[in-house]
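I opened my notebook today to look up a few things in a protein model. Come along and check each entry with me.

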Amino acid sequence: MKIRIFQINTDRDTLGVKFSGLQETQNIQRSNERSTRIDPTFYDEVYSGEVDCKSLEDVFSLFNVSHPPFFRGHSLSVSDIVEITENKNNYLLGAFFCDNIGFEIIEFDSSKAVKPDNLLRVVALEPGKLPYETEVVDNFRAFQQAVCGYFEVAYPFEDDAVIIVNEDGYLIEMEPTCVINGNLYVGPAFIVRNGGDGNFYSLTDSQVQKHLNTFQKAVMIDDFDNDMDFGIQLQ
């Protein structure tokens, strides 16, 4: 399931509707002579990516019990919005308001929500999943969160693309993610550009497409060095 998650930013929440249910939010907006449509300018986009979920209830559980690597918000709660897109054609299936009980489909112009200025466009790699395009905040803490620990940089490609991985991945026996040029990479990771000047940069359109296509064509491997039993081997 391909989703985006939006959460209210209290600094822009002029009506104080964060954590309010849909009916309560609409009542507050009506009493302030505002449209009853949910105001997207109150919201920040806090996640964009692929999740192994089959329902909104699964999404709610995932974003409360075990936050995905590239999530930059608080646990999913009332007033949050989940936007679902059909994977193959990027067709918007709908935006769903997290209500006091369950979810309600709403009209929501996500183009008016806010994203941080310092986001990097990357290709995410996670054990047991095909790659997907997402974004990570350009700072040390966000990189650590993305790989679930201290990170290091690997240089398996011929251009300026690099892989950011967990530096202790082998020691803590993270699940294998992929094999490139005979080297095994484990745990959640992401591909980004290294500018050679101490900074990281977003992948270009061609790099994103290249790495998505490359890993989409990867095949499962059953064993690597007799101690790992899952991963993807690039052809």
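**Entry 1: rings**

How many aromatic pairs does the count come to? I noted that rings of Phe, Tyr and Trp (its six-membered ring) pair if their centres lie within 6.5 Å, with planes under 30 degrees apart called stacked, over 60 edge-to-face and the rest tilted. By this rule I got 10 aromatic pairs. I then looked up Tyr-43 and Phe-108: their ring centres are 5.4 Å apart and their planes stand at 80°, so this pair is edge-to-face. Tyr-43 belongs to strand 2 (residues 43–50), while Phe-108 is in the loop between strand 5 (103–106) and strand 6 (119–125), so the pair ties together parts 65 residues apart in sequence. Both Tyr-43 and Phe-108 are buried (under 20% relative accessible area with a 1.4 Å probe, protein chains only; exposed is over 50%, partly exposed in between). I also found a cluster, linked by ring pairs, of Phe-70, Phe-140, Phe-143, Phe-151, Phe-190 and Phe-200.

**Entry 2: how to read this model**

I reminded myself that the model is predicted, that local features need pLDDT of at least 70 and side-chain atom pairs pLDDT 80 or more, while totals for chains, interfaces and linings use all residues. Residues are numbered from 1 along each chain as its sequence is written, and side-chain values use heavy atoms, leaving out hydrogens and water.

**Entry 3: strands**

Strands here are DSSP runs of E with at least two residues, helices are runs of H or I with at least four, and both are numbered from the N terminus. Two strands pair if DSSP finds at least two bridges between them. Which way do strand 1 and strand 3 run, parallel or antiparallel? They run antiparallel, joined by 5 bridges, and Lys-2 has Thr-85 in strand 3 as its bridge partner. On to strand 4 (residues 91–98): 6 bridges join strand 3 to strand 4, again antiparallel. There, I saw that Glu-83 has Ala-95 in strand 4 as its bridge partner. Strand 3 is mostly covered, with 5 of its 6 residues buried.

**Entry 4: a charge over a ring**

I looked for NZ of Lys or CZ of Arg within 6 Å of a ring centre and within 35 degrees of the ring normal. The charged end of Lys-18 sits over the ring of Phe-19, 4.8 Å from its centre.
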